[in-house]
Structures are given as C-alpha cells and as structure tokens.
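Reader: I am new to this structure. Please take one part, the aromatic rings and the core around them, and go through it closely.

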Amino acid sequence: MSNLLDLPAPTVTEPLNWSDPPAGLEFLIHGVTTQGKPFRPSDWSERLCGVMACFRPGGSLLGRDALIGYSPFVRPVSVDDVRCVLVDPALREIEPMALDFVMNFARENGLRVTAAPQAQQAA
C-alpha cells in the first residue's frame with residue numbers, strides 16, 4: 001500500500017459532487033464515514049481495489065498473472081494512517097460503469113471523498 005503522508009494537504013477538502021467527478025482530477029475515498037467513524041472491515045480498500053484490478057490499460061490479462069497487481073486507476077493508499085482508495089477518473093474511458101461502481105460504493109457506505117493532493121496527481 002502506498003503512503004501519501006509526505007504530500008501536501010488536498011487542495012479541495014469539501015466532498016466532491018457524487019454525480020460527476022471533476023474531469024482529470026484524481027480523488028480519494030477515505031476509510032472514514034461522513035460521521036467520522038472508521039469504515040470496516042479494515043481491509044476494505046484492498047478488497048475494493050482487488051475487484052477493480054481487471055480495469056487497466058489493455059484490458060484484463062489472461063493466464064497466471066491475470067489478477068496480480070492493482071489497476072493504475074484504482075489503488076489503495078494510506079493518508080494519515082487512514083486507509084483510502086485513490087481513483088483516477090480516466091477509469092471512465094475504459095469502463096464507465098466501473099467508475100460508477102466505485103462512486104456508488106463510497107456514497108452507499110457514507111465514505112468521505114476528497115480531491116487527491118496535486119503532488120499525487122502529477123506522480
């Protein structure tokens with residue numbers, strides 16, 4: 001799991017519009033509900049990213065290495081010791097329903113969503 005502790009604070013701290021993430025702006029789904037409670041199970045970010053692993057450039061791979069590694073568009077990270085998922089809205093270009101699935105997951109579970117730090121977006 002990556003660590004974003006060395007990066008500057010996000011430039012946008014308000015929750016994003018659920019219906020349409022800003023084009024070209026990566027965002028974080030935090031493992032904290034909008035009520036401030038930790039989201040469970042503790043490995044939720046790895047599970048969500050595992051489900052999204054097949055959404056990557058070139059489509060899903062065949063054979064033994066098919067599910068090894070996360071999609072570059074949906075990957076687990078840690079921010080201030082909170083498990084998060086970093087989402088690149090370019091996922092919509094591969095499969096629009098995949099981005100909708102991730103956004104609906106966050107909304108249905110009441111998870112906080114913020115813009116990713118600018119330094120992470122450039123990396």
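**Aromatic pairs and the nonpolar core**

A search of the whole structure, which is a predicted model, finds 3 aromatic pairs. In one of them, the rings of Phe39 and Trp44 have their centres 5.7 Å apart and their planes at 80 degrees, so this pair counts as edge-to-face. Phe39 and Trp44 are both buried. For Phe39 the relative accessibility is 13%, and it counts as buried because the cut-off is under 20%.

Phe39 also pairs with Phe105, again edge-to-face, at 6.0 Å centre to centre and with 90 degrees between the planes. This second pair links distant parts of the chain, 66 residues apart. Phe39 sits in the loop between β2 (27-33) and α1 (44-51), while Phe105 belongs to helix α3 (residues 96-108). Through these ring pairs, Phe39, Trp44 and Phe105 are linked into a cluster.

Trp44 also figures in the largest nonpolar core, which has 20 residues. Ile29, Trp44 and Val85 are the residues with the most contacts inside that core. Two or more residues each come from β2, α1, β4 (82-87), α3 and β5 (111-115). Of these elements, α3 gives the most, with 6 residues.

Leaving aside residues up to four places away in sequence, Ile29 touches Trp44, and its other contacts include Arg83, Val85, Val102, Ala106, Leu111 and Val113. Another core, of 6 residues, lies apart from the largest one. Among its residues are Leu28, Cys84, Leu86 and Ala116. Cys84 is also one of the residues that Ile29 touches.

Definitions and conventions:
Residues numbered from 1 in each chain as written. Predicted model: local features only at pLDDT ≥ 70, side-chain atom pairs only at ≥ 80, totals over all residues. Heavy atoms only, no water. Phe/Tyr/Trp six-rings, centres within 6.5 Å; stacked < 30°, edge-to-face > 60°. Buried < 20%, exposed > 50% of the residue type's maximum accessible area, 1.4 Å probe, protein only. Helix = DSSP H or I, 4+ residues; strand = E, 2+ residues; numbered from the N terminus. Core = buried A, V, L, I, M, F, W, Y, C linked by side-chain atoms within 4.5 Å. Contact = heavy atoms within 4.5 Å.
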